[in-house]
Amino acid sequence: MGRSTKAQSAINRAHLVDLACELFAERGYESVGLDDVAAAAGQTRGAVYHHFGSKRGLFLAALTQAQEAVAHVVAEAAAATTDPWDALVAGCHAFLDAAADDSVRRILLVDGPSVVGWQEWRELDAVNSRRLLEEGLRELEAHGDLDDGSAAALAVTLSGAMNEAALWTAEAGGRTRAEAHAALTAILGGLRREGRPAARPQR
């Protein structure tokens, strides 16, 4: 396969993943087939199968993209400040909003764990948003700024809580978003050794 052919193949694959993300987010895993994605892309079912091997393979690609998209939002929010505590707070609140967004919520939090299994879902989470969370907590831990608990344990606990909060917020149509952010602010504030509240960033 020549370089141009490989490049085109990569473009076609990326386009299929984008379309799959849209369809899975809108309809859910059970209601989307390879034929649906192929029709949306103007390609054959065989072409989709060639890239992903199965419907599960296509969904895994969509889930991976959703995880990476949320992690990108978190990283950008955290990078907007140089203070480690502010970065942690900003990243966590950004995750809550990003994970609850209609473009990823169903893929990430509803269908993801059941389709690929908890182990694979947790591995994807661990290398994306949870990795960023643990890195931020480890930096604070190294400076003695955490009140108690290890960075690894706190990262797992916070990640689970934020995933649940994002799903709760999304299922309520966003009506509970302010409550979820307030609860997250309280949790984060309780981690500080000095006991000072970690203020929620300006939104």
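Because the model is predicted, local features need pLDDT of at least 70 and side-chain atom pairs count only at pLDDT 80 or more, while totals for chains, interfaces and linings use all residues. Residues are numbered from 1 along each chain as its sequence is written, and side-chain values use heavy atoms, with hydrogens and water left out.

Starting with the overall picture, the protein has ten helices and zero strands, where helices (H or I, at least four residues) and strands (E, at least two) are DSSP runs numbered from the N terminus. The C-alpha atoms fill a box of roughly 60 × 40 × 30 Å, taken along the principal axes. Of the 203 residues, 43% are buried; buried stands for under 20% relative accessible area, exposed for over 50%, and partly exposed for anything in between (1.4 Å probe, protein chains only). Among contacts (heavy atoms within 4.5 Å) with a separation of 6 or more, 67% join residues 24 or more positions apart.

Over residues 10–70 the chain is 82% helix and 0% strand, and the end C-alpha atoms sit 22 Å apart. For residues 33–52 the figures are 80% helix and 0% strand, with 13 Å between the end C-alpha atoms.

On to the helix pairs. Two packed helices are described by the angle between their axes and the distance between the axes. Here axes are lines fitted to C-alpha atoms, for helices over the stretch in contact, and angles run from 0 to 180 degrees between N-to-C directions. Helix H2 (residues 34–41) packs on helix H3 (residues 45–52) at about 110°, with the axes 8 Å apart. H2 is therefore roughly perpendicular to H3, going by a scale on which angles under 35 degrees count as roughly parallel, over 145 as roughly antiparallel, 65 to 115 as roughly perpendicular and the rest as oblique. Leu 34, Asp 35 and Ala 38 of H2 make this contact with Arg 45, Val 48 and Tyr 49 of H3. These residues split into four nonpolar, no polar and two charged; Ala, Val, Leu, Ile, Met, Phe, Trp, Tyr, Cys and Pro count as nonpolar, Asp, Glu, Lys and Arg as charged, and the others, Gly among them, as polar.

Helix H4 (residues 55–79) and helix H7 (residues 118–127) pack at about 30°, with their axes 10 Å apart, so H4 is roughly parallel to H7. On the H4 side, Arg 56, Leu 60, Leu 63, Thr 64 and Gln 67 meet Glu 120, Trp 121, Leu 124 and Asp 125 of H7. That contact comprises four nonpolar, two polar and three charged residues.

Leu 58 also lies in H4 and is buried, because its relative accessible area is 1%. Not counting residues up to four places away in sequence, Leu 58 touches Leu 16, Ala 20, Phe 24, Leu 34, Val 37, Val 48 and Phe 52. Leu 58 and Ala 20 are 38 residues apart along the chain, with 7.3 Å between their C-alpha atoms.

Val 110, in helix H6 (residues 105–116), counts as partly exposed because its relative accessibility is 34%. With residues up to four places away in sequence left out, Val 110 touches Arg 105 and Leu 167. Val 110 and Arg 45 are 65 residues apart in sequence and 26 Å apart in space, C-alpha to C-alpha.
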